[in-house]
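Here is a report on one protein model. It covers salt bridges, surface charge, fold and selected residues.

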Amino acid sequence: MDPKEFKANKLRARTVEELESNLTELKKELAALRVNQVSSGVASKLAKIKLIRKAIARTLTILNEKKRSDVKSAWSSRSNLKEFNEANGTNFSFDKRPRELK
């Protein structure tokens, strides 16, 4: 694990699938380091735990940014949200309820 790989600009250049696979690898590595911490506690490996945790945090941050921007771009194309909801039946209008439900 090279710390230079986990700079924000390099993470933003990756796809969501690459980030998710990278995240699982980092979590596995962190779990292995924690087991090592309990069993032997070599100082160099203990210092690596902090780097892995920060890399996981950066990866999750970039993943959430990408997912949030995808959702925003999907909803920005909706010109009028009220019309969209009424057309798709997602916004239940109380004025249009059947008489027995009023």
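## Lysine 48 and its salt bridge

Lysine 48 is partly exposed, with a relative accessible area of 28%. Partly exposed sits between buried (under 20% relative accessible area) and exposed (over 50%), using a 1.4 Å probe and protein chains only. The partner of lysine 48 in a salt bridge is glutamate 29, and their closest N and O atoms are 3.1 Å apart. A salt bridge here puts a side-chain nitrogen of Lys or Arg within 4 Å of a carboxyl oxygen of Asp or Glu. Glutamate 29 lies in helix α2 and lysine 48 in helix α3, so the pair ties together parts 19 residues apart in sequence. Glutamate 29 is also partly exposed, at 23%.

## Basis of the values

This is a predicted model: local features need pLDDT of at least 70, side-chain atom pairs count only at pLDDT 80 or more, and totals for chains, interfaces and linings use all residues. Residues are numbered from 1 along each chain as its sequence is written, and side-chain values use heavy atoms, with hydrogens and water left out.

## Other salt bridges

How many salt bridges does a search of the whole structure find? It finds four. One of them joins arginine 12 and glutamate 65, with the closest N and O atoms 3.1 Å apart. Arginine 12 belongs to helix α1 and glutamate 65 to helix α3, so this pair links parts that are 53 residues apart in sequence. Both ends are partly exposed: arginine 12 has 42% relative accessibility, and glutamate 65 has 35%.

Arginine 14 and glutamate 5 also meet through their side chains in a salt bridge, at 3.9 Å from N to O. Glutamate 5 is partly exposed, with a relative accessible area of 35%.

## Fold and surface

The protein chain has four helices and zero strands. From the N terminus on, the order is α-α-α-α. Helices (H or I, at least four residues) and strands (E, at least two) are DSSP runs, numbered from the N terminus.

Of the 102 residues in the protein chain, 16% are buried. The accessible surface comes to about 7900 Å², and carbon and sulfur atoms hold 52% of that. Areas come from the Shrake-Rupley method with a 1.4 Å probe; for residues, only the protein chains shown count as cover. Take the contacts (heavy atoms within 4.5 Å). Among those between residues at least 6 apart in sequence, 55% join residues at least 24 apart.

## Positive patch

Lys4, Lys7, Lys10, Arg34, Lys50, Arg53, Lys54 and Arg58 form a positive surface patch. Patch residues have over 30% relative accessible area and no salt bridge; like charges are joined within 9 Å, nonpolar side chains (Val, Leu, Ile, Met, Phe, Trp, Tyr) within 5 Å. Lys and Arg count as positive and Asp and Glu as negative, while His and the chain ends are not counted. Each charge is placed at NZ of Lys, CZ of Arg, CG of Asp or CD of Glu.

Helix α3 (residues 43-76) gives the most to the positive patch, with four residues. Arginine 34 sits in helix α2 (residues 16-39). Arginine 34 is partly exposed, at 39% relative accessible area.

Is asparagine 22 buried or exposed? Asparagine 22 is buried, with a relative accessible area of 9%. Its place is in helix α2. Leaving aside neighbours within four places in sequence, asparagine 22 is in contact with Phe6, Leu11 and Arg14.

Alanine 8 is in helix α1 (residues 8-12). At 34% relative accessibility, alanine 8 is partly exposed. Alanine 8 and isoleucine 62 are 54 residues apart in sequence and 7.4 Å apart in space, C-alpha to C-alpha.
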